[in-house]
Amino acid sequence: MSSKSFDVVVIGSGPGGYVAAIRASQLGLNTAIVERENLGGICLNWGCIPTKALLRSSEIYHQMERAKEYGLSADKIGFDLKEIVKRSRGVAGQMATGVKGLMKKNKITVVNGEASIAKGKVLVKTDKGTEELTAKNTIIATGARARELPGLEADGDLVWTYRHALDPVRMPKKLLVIGSGAIGIEFASFYNTLGAETTVVEVMDRVLPVEDKDISAFAKKQFVKQGMNIMEKAMVKKLDRAKGSVTAHIEVGGKIEKHTFDTVISAVGIVGNVENLGLEEAGIKVDRTHIVTDEYCRTGMDNVYAIGDVAGAPWLAHKASHEGVMVAELIAGEHAHPVKPETIAGCTYCQPQVASVGYTEEKAKELGYEIKVGKFPFVGNGKAVALGEAQGMVKTVFDAKTGELLGAHMVGAEVTELIQGYVIGRTLETTEEELMNTVFPHPTLSEMMHESVLAAYGRAIHI
């Protein structure tokens, strides 16, 4: 058993872990990172990045099918799923290699193996035995994995998780997606665009249930127009598997309906990777598979922190990265700023895209705010019409008393890029007056952000 001493040992190299390690190294801390699989974690290898590569292919395919709308011609339009997946895996590989380079550049020691914690130490099971790392500070960034419900377990053939959907054994012909959160809807959008007959089952009363109701309703209309079958307030009770097909027993309206598919994607949430870390022995509290922390990501054990998905919602890569930076700065004695969930944007890269930050209209009312709400449609924006992307909406929610921007919600082309403007506004506690007095460039999609603010106060120009 070899032994090495570090100021910081990070367990997990996803967007929380590797960013924490880099920032710690920048601050002069001797840092090691432990990874049991691939540098970059789920995000770079099996999540955020490869899914966006797949969705880019389906987006271009969709645009090729619309060539005539733009005065263009495209003959014999088709796709090769193997090549689409090959490109996606290549993008993931390139990004993971980039993380490896960043570790070397920042002189971070990389240890391959499975870690567990003890007082002041991290024990790593490697191919060569157990390696002991002495750690003044430990950051747990082990992430999460797909939740599997009894009877709906994935087998990689008929029933898939996101991993199987990223590297599919076939192109689905008749697809069932269980769950309409970001993961479910993105895969539904990808496969539906490529021609799969797609059904989405959601147990809540609307698709994309964490989004504002108006945005969910608008998105649903677009999904249905694209040919998706959306079943809300529905639950898959059982899957009967046969050779080449699955019969789903779906409870809807108090009755059981049977539908047959050749492929099922289960996207019913995630669970934290908390097993075999020695958390219970260390006295670290776990609640529903997630490590309990305070606002500075501190656990109940001295000098042990937990960040990212393993520390709970919101389960977003950018939240994990920000927490990683915060914890590294806290350890180094810098002035650290805790992450505020209400200033973190959520993005879903379906067709059309969905993005939001802050409170929904419903949540703002629930919290007791007197509000003003503004809405502006894409069809009123010259750039959106010129792009041929006139289906969408921007919605803003303000505190009627103070003018503070409480929330912003968007559906339509490129809104995942646009939302950052409102994120900055939320962080700076921007008021309606400041947004109204901001000059937005023309012609851009961002002008709709301005118009939505104006609309909240009865001043919209182009609608």
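How many residues does helix H4 have, and how far does it reach from its first C-alpha to its last? Helix H4 (residues 81-105) has 25 residues and reaches 36 Å, close to the 36 Å expected at 1.5 Å a residue. This is a predicted model: local features need pLDDT of at least 70, side-chain atom pairs count only at pLDDT 80 or more, and totals for chains, interfaces and linings use all residues. Residues are numbered from 1 along each chain as its sequence is written, and side-chain values use heavy atoms, without hydrogens and water.

**Helix H4**
- Helices are DSSP runs (H or I, at least four residues), numbered from the N terminus.
- Buried residues (under 20% relative accessible area, 1.4 Å probe, protein chains only) of H4 include Leu81, Ile84, Val85 and Ser88.
- At the start of H4, a side-chain oxygen of Asp80 comes to within 3.0 Å of the backbone nitrogen of Lys82.

**Salt bridges**
- The whole structure holds 28 salt bridges, each a side-chain nitrogen of Lys or Arg within 4 Å of a carboxyl oxygen of Asp or Glu.
- Arg163 pairs with Glu37 at 3.1 Å, N to O. Arg163 lies in helix H5 and Glu37 in the loop between strand S2 and helix H2, so the pair ties together parts 126 residues apart in sequence.
- Arg66 and Glu69 form a salt bridge at 3.0 Å, N to O. Arg66 is buried at 13% relative accessible area, whereas Glu69 is exposed (over 50%) at 56%.
- A network of salt bridges links Asp212, Asp214, Glu361, Lys365, Lys375 and Lys395.

Key
Helices (H or I, at least four residues) and strands (E, at least two) are DSSP runs, numbered from the N terminus. The expected span of a helix is 1.5 Å times one less than its number of residues. A polar contact is a pair of N or O atoms within 3.5 Å; within protein, one must be able to donate a hydrogen and the other to accept it, and residues adjacent in sequence count only if both atoms are side-chain atoms.
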